[in-house]
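Dear colleague,

I am passing on the structure we spoke about, with the sequence alongside it. Please have it open while you read the notes below.

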Amino acid sequence: MSRARAWTIERGAVAYPAALEELPDPPPVIHGVGDRRALADLEHEATVTIVGSRRATAYGLRMAEELGRDLAYAGVTVVSGLAYGIDAAAHRGAIAGGGPTVAVLGGGPDVVYPPSHRGLHRQVLACGAAISEHPPGTETTKWSFPARNRIMAALAKMTIIVEAAEPSGSLITAQRATELHRDVGAVPGQVGMRVAGGPHALIRDGAALIRGAQDVLDEMLGIGRVSVSHSGPRLEAALLSVLESVERGADTPDAVATAAEIDPHEAAVALGRLELLGYVAVNGAGAYSRTSLSAPGV
Amino acid sequence: MRVTVPSPAPSVASVLASVQTFEILGVEAHEVSVEVDVGRGLPCFSLVGLPDAAVRESRERVRAALLNSGFDFPQERITASLAPADLRKAGPGLDLAIAAALLAASGQLSPEALDGVALSGELALDGGIRPVAGALAMAERARRAGARALVVANPNSAEAALSGATVIGVTRLEELRALGTDDEPAAAQPLHISTNGAGPSLLDLADLRGQPALRRALEVAAAGGHSLLMIGPPGAGKSMAARRLPSLLPPLTPPEAIEVVRVAGACGQPLRTASVGVRPFRAPHHTISAAGLVGGGNPPRAGEATLAHRGVLFLDELPEYRRDAIEALRQPLEDGRVLIARARHAIELPCNFQLVAAANPCPCGHGEESPSCRCPTLSIRRYQTKLTGALADRIDLSLHVKQPEAAALRGPPGERSATVRERVLEARDRQHCRLGGRCNAEMSSRETREHCRLDAEAQALLDSGQGQFGLSGRGYERVLRVARTLADLAGRDRIEADELSAAVAMRRRAPV
């Protein structure tokens, strides 16, 4: 449990987020720890909820982290649930982008679930807040999550699903957002992957297709109002061909060597260099993949 | 040895003799002197000085051995004392010394025969002498203590002679009669140390087909003495690769080879004469306890880490090891030795090994992202925390291995160990000149700063990326040390951008 001082915002108070009033059953009191202003000054129009699978792929985690980072950098508040996987990645990204970020918890705002996210919880408090409709100290229960999801959906103008299997809690959040007439966005994945099923179903049903923070900002604020795109340094032809082979699915030095028809040692060198420059990233299973950093044209 | 007749009352016909022997504690031999007093009284044979059960039973062996080799067993009151009295004596290695002291005290061996001689051996009931553990450590100790010769069982003699001490091998108790006379057996010849380090039993890297990245990682690990972690599904060749690492390592120097024999001998490992000079390779099963891995128990014994001294310690299925066992490896990895302290004594064990570990990507082995993986999220996390824990900080090279494609398996064999080893030796030579006989993995922070200079392009490349990586100070130094090894392999003085990039690609990454 965190030592941070808890605060409350009651329904009817000026600081109570107006967006929550649109819920059929608005929480009577919001308990929070961390920076009270993160909630009191929350602008519904500039708030995004990012949720997704607890068991995400490296691609999903990277997308969530980049979204969190770029959106926070553009001044958007990132709301999520502090769970394993996508939630944690979105918070981390938002913290890296300078926050603010709000974690909506199932138990008391100081009861960290999963417990191993204590460190992340502390970081969230440093640049935002953790909130809940339950008083501090309340244990997390299995049935408190769906109720928590409705608060996440209500707070944000747009709810983005990064990866989610069907059926799942993330899809419930998306459904709640639709019921509240909020925007829903989904990050596409690879066809056939279980965790891509949820987002693909959402996109088919009319959710916005999200490829990066720019798509979110365009959707929320209108096309071209705010720009966050950035590109990396120029690459030599050899590195470009390695980058292309990564884009085509070669994910280890040996596979890249075969695909780009170069020496395996050179492939390792090239991948290391591309990683240093930020064009590729490696997941915990050692697979290389492309980041969203775009290469300048040749 | 001394034989003294206590002076005050000649009527008390008690005769005293004392003989040097040794007791092994950890990997060191400690001096023990055996004093035997034969005097009047009811015939009995008592043994004092903290003997354990095996030592207490030595009375029966000594009695039978004496009688069966044509000596008399005195029908008098015999007291044998093992000094120092506060050191626990274990094992049967004291038999020979007790028998010798008893023979001297009862006037059956001349005092000159045992003068300046230390003895160690186990007795058989028929008077034969059996080998004991730790003969080389005892011989080194005997030499330092200024003994004229060490008498051991014949099978121990070649090992003990590596110490440079005069070692006399005997097979039967009655041969003690020849000591100090013209019939004394010649000093034993020391074992031959293979100087190229390539024992006949070493596996060859040519067996590993395909897998260029894995081969390269082994070469770099061998060249810089770097610790290596391989993560990949079963059947990817992780164990196969690890078992071939000793064939790439430089040979042991003669003093190192002697040290390895001494440690293995003191730990009771059977001596394989064919492999003296070959680096040890130890692969303990993952059910091993912390004490089994780094040493422990009471009295403390050396563990696998010590047996892997100057060689390779291979931990297959790293996350399956007990947490306390993995944690216990921290100090040895940092310091190259481990201190085991017990109430009675503290021993220091050498364990300067190269760590090679292998792990599956998740408990089922398929990998979290594979469609056939059905591991629960929590068990994957628990599995991976073991990989991120204390040990991960001390791993230089990390590599993800995939199952090789069928085409590669059918293809021609890869480079042979001998070819790769030549490059490794050249790279080691460069390091030895720079670091005074040590390798890159052993560089301190200060040495890393001094020797791992980046050229301008490499520095610019690193500056462009470090922010996004979150390389910790330690992680950064590890990357630099690996880059240094890569530069040594390429024969360069400075680290260029290519080496830096390759080192970044091989670095240890935290799983998500």
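**Domains of chain B**

The domain assignment divides chain B into domain 1, covering residues 2-178, and domain 2, covering residues 205-442; please keep in mind throughout that this is a predicted model. The centres of domain 1 of chain B and domain 2 of chain B, taken over C-alpha atoms, are separated by 41 Å, and the contact between these domains draws 14 residues from domain 1 of chain B and 17 residues from domain 2 of chain B. On the domain 1 side of that contact, β2 (15-25) and α4 of chain B each supply at least two residues, and α4(B) gives the most, with four residues. Sorted by class, this side of domain 1 of chain B has nine nonpolar, two polar and three charged residues.

**Chain B as a whole**

The secondary structure of chain B comes to 19 helices and 17 strands, and its C-alpha atoms fill a box of roughly 95 × 50 × 45 Å along the principal axes. Of the 512 residues of chain B, 50% count as buried. Among the contacts in chain B with a separation of 6 or more, 74% are accounted for by residues 24 or more positions apart.

**Helices α4 and α5 of chain B**

Helix α4(B), already mentioned for its part in the domain contact, spans residues 135-144, and its axis comes within 8 Å of the axis of helix α5(B), residues 154-161, with a crossing at roughly 60 degrees. An angle counts as roughly perpendicular from 65 to 115 degrees, and α4(B) and α5(B) are therefore described as oblique to each other. The crossing of α4(B) and α5(B) is right-handed. In this packing, A135(B), L136(B), M138(B) and A139(B) of α4(B) meet N156(B), E159(B) and A160(B) of α5(B), which by class gives five nonpolar, one polar and one charged residues.

**Where chain B touches chain A**

Between the two chains, 26 residues of chain B are in contact with 26 residues of chain A. On the chain B side, the elements that give two or more residues are α6 (212-224), α13 (377-388), α17 (456-469) and α19 (497-505), and the largest share, six residues, comes from α19(B). The residues on this side of chain B divide into twelve nonpolar, eight polar and six charged.

**Chain A**

Chain A is likewise divided into a domain 1, residues 6-221, and a domain 2, residues 237-290, and the centres of these domains of chain A, taken over C-alpha atoms, are 33 Å apart.

Which way do helices α10(A) and α11(A) lie relative to each other? Helix α10(A), residues 253-260, and helix α11(A), residues 264-277, pack at an angle of about 110 degrees with their axes 8 Å apart, and they are therefore roughly perpendicular to each other. The crossing of α10(A) and α11(A) is right-handed. The contact is made by P253(A), D254(A), V256(A), A257(A) and A260(A) of α10(A), together with P264(A), A267(A), A268(A) and L271(A) of α11(A). By class, the contact of α10(A) with α11(A) has eight nonpolar, no polar and one charged residues.

With best wishes

How values were computed: Residues numbered from 1 in each chain as written. Chains lettered and ligands numbered in written order. Predicted model: local features only at pLDDT ≥ 70, side-chain atom pairs only at ≥ 80, totals over all residues. Axes fitted to C-alpha atoms, helices over the stretch in contact; angles between N-to-C directions. Parallel < 35°, antiparallel > 145°, perpendicular 65-115°, else oblique. Left-handed = near helix turned anticlockwise from the far one by under 90°. Contact = placed C-beta atoms within 7 Å. Nonpolar A, V, L, I, M, F, W, Y, C, P; charged D, E, K, R; others polar. Domains from an automatic or database assignment. Buried ≥ 20, exposed ≤ 12 C-beta atoms within 10 Å, placed from the backbone.
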